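Subject: Structure handover

Hello,

Here is the structure I promised to pass on. Please open it first, then read my notes below.

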Amino acid sequence: MPIRMRFTTWRSLATAAIAALMAAFLTPAAAHAATPAPRESRPVYSYANAIREAVWVDTGLDGDRDGKHDRVAVDIVRPREPARQGRRVPVIMDASPYYSCCGRGNESQLKTYDAQGHVVQMPLFYDNYFVPRGYAFVGVDLAGTNRSDGCVDVGGRSDVRSAKAVVDWLNGRARAYTTRTGGTTAKATWTNGRTGMIGKSWDGTIANGVAATGVKGLKTVVPISAISSWYDYYFAKGAPLYDSGPDWLSNYVESPDARAKCAAVQQKLVDGAPRTGDRTSLWSERDYVKDAGKVRASVFLTHGMQDLNVRTKHLGQWWNALAKHGVERKIWLSQTGHVDPFDFRRGAWVDTLHRWFDHELLGYDNGIDREPMADIERHPDQWVTSKVWPPSGTAATTLRPGRGTQAGVGTLGLGRGHGSETFTDDPRLGETDWAAGITAPTPGKAGFLTGPLTHDLRVSGSSTVTVTATPTTRTAHLSAVLVDLGPDTVRDYADAAEGITTGTDRSCWGASTAGDSACFKNTAAKKTNVDYTVFSRGWADLGNYASDRKGVPLTPGKAYTITLDLAATDHVVPAGHRLALIVAGTDKDLIDPPADRPTLTLDLSRTQTCVPLVGGATAFTRATAGTSAAPEGSTLEGVTAPRTIHRVPLG
């Protein structure tokens, strides 16, 4: 209730103010007519004549240790007319490390500049579309990148504070200069300070981090495929997800000037992020979830449910923390991998984003806050909505594995299992191999299946798998996956483009200039037919059985219990399909293998999965009543094995 009142109060005040201001640029005839409260910003301002300028904001830090405060470069595109009319505009802001090293968007666009150092091409469509509609767009070079001072610290104090300082400057609380080294100050007298941050991957991660500071003036954030805790980008409960750490990533994006000055910061990243997977103070600093209670901004997030770069554990834990603290929020979930919604649902995305910013930054009562909270892609280009997410009636339901008639091919149900199953870690295999052979007694996994369902089962939210396992070695990694066994057509998320194809024709989204086109290559869903779909995953180092913070060597022959956190999802297992749980060792290319090659024995009486089912245990009982769990013995076809995934949270 307090949050709804906050938005209603702002909207009421803003609507009255905007209605009065609209008369400033209406024709005389229109000005005399009754003017209803606006519901949509219109492209009434000139993009070609927009003001393009740059300032350097003082962060208050000296990351590169040159004895001076670091300044971050801020490139601005804003409509010229409102300032002439004495009106101030809100800001849409994207803070990124990628503006010069790697590019933004599906076409890898970089910032370009004229001879005066003013931005000519601002990547993506945000400036082209929103500046004519009365917004300023601000592109911030994170500290240590492009034209900014300082060092990249990969989601830490420097990253977050360099972006937060810009929000402070927009609200009159920080100092900026007209050049990188000069003393002439610049003030943001042209803005009302109301700021919305947006960005994909690392950019969206910074939006999360700045929101978690509680900075005043940040009214909304739109994180796309974003990280919520950097530990969970590199590790899953001690199991390493990549063969590198944040020092590699920092070096990847830093400007040559920063790279020459930032050896000390690089070394801190090495020392603070040991490959043991232990949680250190470095990771605590980069955990935004713990600070969700500070978030003042509304949050509209979107994520690919098959994103194997920034995996959806980030989505689930961030969403749950925001919900706990009553943050106003909205969500889109696609079938893609690490893909921007501009490239999988372009028209609807631009329209929804437009209305979201109009509501949050201009205060327009356009009804978006009363629409369904969630949009979910059920099949390629086929979307459904949920009034709230997860849906009402969703309940954590404990399912238990049981022994079947073949070794390694068991049952999955509500009753407690008995006996044991054994498998041997084979790092040459992964989830696609396990799922393809789930109905056969293969030595590298233990699989557990329901019978064919008589009714649909919807899994909505984050699951866990608790395993009691006895290893034969001092090190062991575990993987657990949930699988929908049955034919379907899905987006080919394992393809290099992660579920889309890019054409040669273009569509335009806003105004263009000679140096900055608003026209982008069109995309379409890349589909594939499968016999099964892995729809949720989780991993752990068994040595972290007693602590999420620190792993220890195992004693061979001793039983250990550990809980794996599975990635958030929203998936319907349809009638006629089976729901399956697979427990195995190394998930090839998704986690790194342990030092040893253990054989693990599962105690089925102490192993279970807790799954958020719409309708809970009642829905599961209804869907599985009278079905036989006897599996068929054929090899199943799925997507190709996920390739070695990027070590870069790149958009």
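In which loop does Asp-589 lie? Asp-589 sits in the loop between β29 (578-584) and β30 (599-603). Helices (H or I, at least four residues) and strands (E, at least two) are DSSP runs, numbered from the N terminus.

Some ground rules. This is a predicted model, where local features need pLDDT of at least 70, side-chain atom pairs count only at pLDDT 80 or more, and totals for chains, interfaces and linings use all residues. Residues are numbered from 1 along each chain as its sequence is written, and side-chain values use heavy atoms, with hydrogens and water left out.

Phi of Asp-589 is near 70 degrees, a positive value in a residue other than glycine. Asp-589 is partly exposed, with a relative accessible area of 27%. Here buried means under 20% relative accessible area, exposed over 50%, and partly exposed in between (1.4 Å probe, protein chains only).

Asn-146 also has a positive phi, near 50 degrees. Its place is the loop between β6 (136-141) and α5. Asn-146 counts as buried because its relative accessibility is 19%.

A cis peptide bond joins Trp-389 and Pro-390, with omega about -10 degrees. Pro-390 is in the loop between β16 (382-386) and β17 (394-406).

Now the whole chain. The protein chain has 15 helices and 31 strands. Its C-alpha atoms fill a box of roughly 80 × 60 × 50 Å, taken along the principal axes. Of its 651 residues, 59% count as buried. Take contacts (heavy atoms within 4.5 Å) between residues at least 6 apart in sequence: 79% join residues at least 24 apart.

Next, the core. The largest nonpolar core has 86 residues. Such a core is a set of buried Ala, Val, Leu, Ile, Met, Phe, Trp, Tyr and Cys residues joined through side-chain atoms within 4.5 Å. Helix α5 (residues 157-170) gives the most to this core, with seven residues. Met-93, Trp-190, Met-197, Trp-202, Trp-230 and Trp-318 have the most contacts inside the core. Leaving out residues up to four places away in sequence, Trp-190 touches several partners, including Glu-53, Ile-76, Arg-78, Trp-169 and Leu-170. In soluble globular proteins, nonpolar side chains tend to be buried together.

Best wishes
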